[in-house]
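Please look through the sequence and the model below before reading on, and keep both at hand while you follow the text.

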Amino acid sequence: MEDSTRRVLQRLIRRIPTPQLKTTLEKWSGMTVAQRGSMDYTQTKWALTEKLLSLCEENDWTTKHITELEMIYVIDNPNQGMWHGFQLLDPEDDAHSVELTQFKEQFKSHLGELVRHVSVKIKKHTDEAVWIRIAWGDSFSRPNHLKPTYVVHHLQTPYVFVTGLTSKQKPLLSQALVLSTRHHTIKDANLSGRKLTAIRDLLMKQYQQVFPTNFPSPLAEKNETVSNPKIEREQAGPGAHRHQMACEAFGDGMLPQLQSAVYKLETKFKDHTNRTMTERDEPFKCIVKFESTNLLESLRYCAASGIASTPVTPLLSSIPLKGRNYFVITDNGPGPSSQMHQSQN
Amino acid sequence: MEGTSTKGGVLSLLSLLEVQARSRRHVPPQRSRVKELRAEAEALRVRREQLKTEIQTHQSLQRLRTSLDRQSTHDEEEEEEEEEEMDEDSENSQLLKLMARHTRVKDLLLAHHLIGGYDIVKTRHGKGVCVSVATAYEGVCLETYNLEMDLKPTLRICRHNVPPFVPLSSLAEQGDMQTDIRAFLETLSQHLNAFAGRKQQLKLVKEQHKTIEVMESNALCSILVLMFTVPKTKTAILCTLNYSDHTACLPARVQFECDVKEILESTEWRKNCSLLMETPLHKALMTMKKMGNIV
């Protein structure tokens, strides 16, 4: 057994918390039933690692087996690391008929042409998502299995989610993806977060959106104690309206758990009392960052409760509407790097 | 000649009469017949009562319907009047009211479907509209999709919940949305309804046919690979259904793969191929099962 395989296994076991270790190993085909039964999960992590290393020797596991185990763990626990959203653009006519086996072959061959040493593993998850694990090497070194890139793509959609990608590998991956999905270009979707599920749901619109309709669905009954029926009745109208507006902007029910939104301002400083700042030629640069365990939920609450005004400002509603959480805001008018034309008031 | 024959005739007639007279004494069978008839009459009477009440219910339903229709046009003017008439048997009347409302809603739904089936709501004080496209398959209402559009300066979709694998933007470009929104909505509705139909079929297959393994499917439900098992020989047959026309609920191509080539060359499996291309998947599988072609 190779030393590198041992290292990959060691590193992986260290990453997996003991409670998850059992379920992960059970889904893996590398161990016999008897071997699985002989595992004692009450032991320390160190002892478990030693045991698995000896099994590794015994069963003659290769790196392929270990990466398989790693994929099982990552697919089951996707909300780790920083995930970035990408969007494929300009589909070709046959982009909609790309199917799995064809995609697998194409992706592997395209990436193989670009990088000499690369190890690609593709697996389809039950929710129709295609998971790709890439271990990169270069012309002189073998694939590094300790720092793999994970890519998640839903076939026939223009969205790709990536984690663990360096800027050097980005153009290579982009090219392989663009060619194998039959598109012309790929762009950064300006959406990132620690939870893959959240950014996926946001980009693929897999959350409950609310639209204006003649037949509003009955709101769930609230068990709030009515302190003053008259005041309640008076406030019910505007309250319900605010709630509707908030839901139209951010969605209803469980919202994707986005944790941050960043606004990079490159605007003119406007304040008549402060002339030195106002008369500066260079744009006034600052970064505004919103952070929360569930940012969209917080924003929806702000709008529904009246803390933020309704209709919701496009600056905030753009997060779910455009599916992004990184914005560069420049002054309206001639500006070279205006990624988002939005007047700041 | 005649005399002799009548003589014999009289005797035989007499004996016949005697037999008849004797048999008349056996009244019981007749009595049971009477009983039968009585029971039948009773049953018919019960049926008559049933029909009568049915007619009554129907009439009161009709009355309620007309009053409901009137209400919706005259804004609840005559509501009070109707309430008085009906409150003697409150539980029944409530049920009747519900039934009347149900038939009304059904009729409205049908009418809505007939005129195109889109709900259009003005938004932002007339600066935009929100269109909803309903989907249904085999009479079952499924997902409703919405598009919020800006009207000015040009018609533009600003928000929607159409799944990402439905090529909304290319449909909008192709269909020339600016000049012919109806045609665009029509195509979009075809795509969405076909998608909903395929998805529903797949759901039904998974529910109704546990013995058939779904090997492969995609989010758009445009490619489907199933595994059949032939009874007796237990041969596995791989069936690939390709729905390359995304506006259709039926596959454009059906392909079988099997190790035993003779099976696929049989007339039965040729028939199965055309069956799968012409009938909804879950029904076709049902037929194939009944014919004994698959487990």
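This is a predicted model: local features need pLDDT of at least 70, side-chain atom pairs count only at pLDDT 80 or more; totals for chains, interfaces and linings use all residues.

Residues are numbered from 1 along each chain as its sequence is written, and chains are lettered from A and ligands numbered from 1 in the order in which they are written.

Let us begin with chain A as a whole. Its secondary structure comes to 12 helices and 10 strands, where helices (H or I, at least four residues) and strands (E, at least two) are DSSP runs, numbered from the N terminus. The C-alpha trace of chain A spans about 75 × 55 × 45 Å along its principal axes. Of the 345 residues in chain A, 30% are buried; a residue is called buried if 20 or more other C-beta atoms lie within 10 Å of its own, exposed if 12 or fewer, and partly exposed in between, with the C-beta atoms placed from the backbone. Two residues are in contact if their C-beta atoms, placed from the backbone, lie within 7 Å, and among contacts in chain A between residues at least 6 apart in sequence, 69% join residues at least 24 apart.

Strands count as paired if DSSP finds at least two bridges between them, and β5(A) pairs with β1(A), residues 83-91, in the antiparallel sense over five bridges. In β5(A), A:F161 has A:G85 standing opposite. Strand β4(A), residues 149-154, also runs antiparallel to β5(A) and is joined to β5(A) by four bridges, with A:Y150 opposite A:T163. Between β4(A) and β5(A), which form a hairpin, there are four residues, and A:Q156 in the turn has a positive phi of about 70°.

Now turn to two helices of chain A. The axes of α6(A), residues 100-114, and α7(A), residues 170-180, come within 9 Å and cross at roughly 145°; axes here are lines fitted to C-alpha atoms, for helices over the stretch in contact, and angles run from 0 to 180 degrees between N-to-C directions. Among the residues that meet in this contact are A:F103, A:F107 and A:L111 in α6(A) and A:L172, A:A176 and A:L179 in α7(A). By class, the contact has seven nonpolar, four polar and no charged residues, where Ala, Val, Leu, Ile, Met, Phe, Trp, Tyr, Cys and Pro count as nonpolar, Asp, Glu, Lys and Arg as charged, and the others, Gly among them, as polar.

Further along chain A comes helix α12(A), residues 314-322, in which A:L316, A:I319 and A:P320 are buried. Which side of the helix do they take? They lie on the same side of α12(A), because they cover an arc of only 75° around the axis, the arc being that of the directions from the helix axis to the C-beta atoms. Just after α12(A), A:G323 takes a positive phi of about 65°.

The next step is the contact between the two chains, which takes 18 residues from chain B and 19 residues from chain A. On the side of chain B that touches chain A, the elements that give two or more residues are β1(B), 118-123, β2(B), 128-137, and β3(B), 140-150. The largest share of this side, three residues, comes from β1(B). By class, the side of chain B that touches chain A has eight nonpolar, six polar and four charged residues.

These strands of chain B belong to an open sheet of four strands in the order β1-β2-β3-β4, with antiparallel pairing. Both β1(B) and β4(B), 156-160, stand at the edges with a single partner strand each, so one side of each is left without a neighbour in the sheet. The twist averages 30° from one strand to the next. Four bridges pair β3(B) with β4(B) in the antiparallel sense, and B:M149 stands opposite B:I157 in β4(B).

Helix α6(B), residues 181-208, packs on this sheet and touches β1, β2 and β3 of chain B, its direction making about 35° with that of β2(B). B:F184 lies in α6(B), and B:F184 counts as buried because it has 23 C-beta neighbours inside 10 Å.
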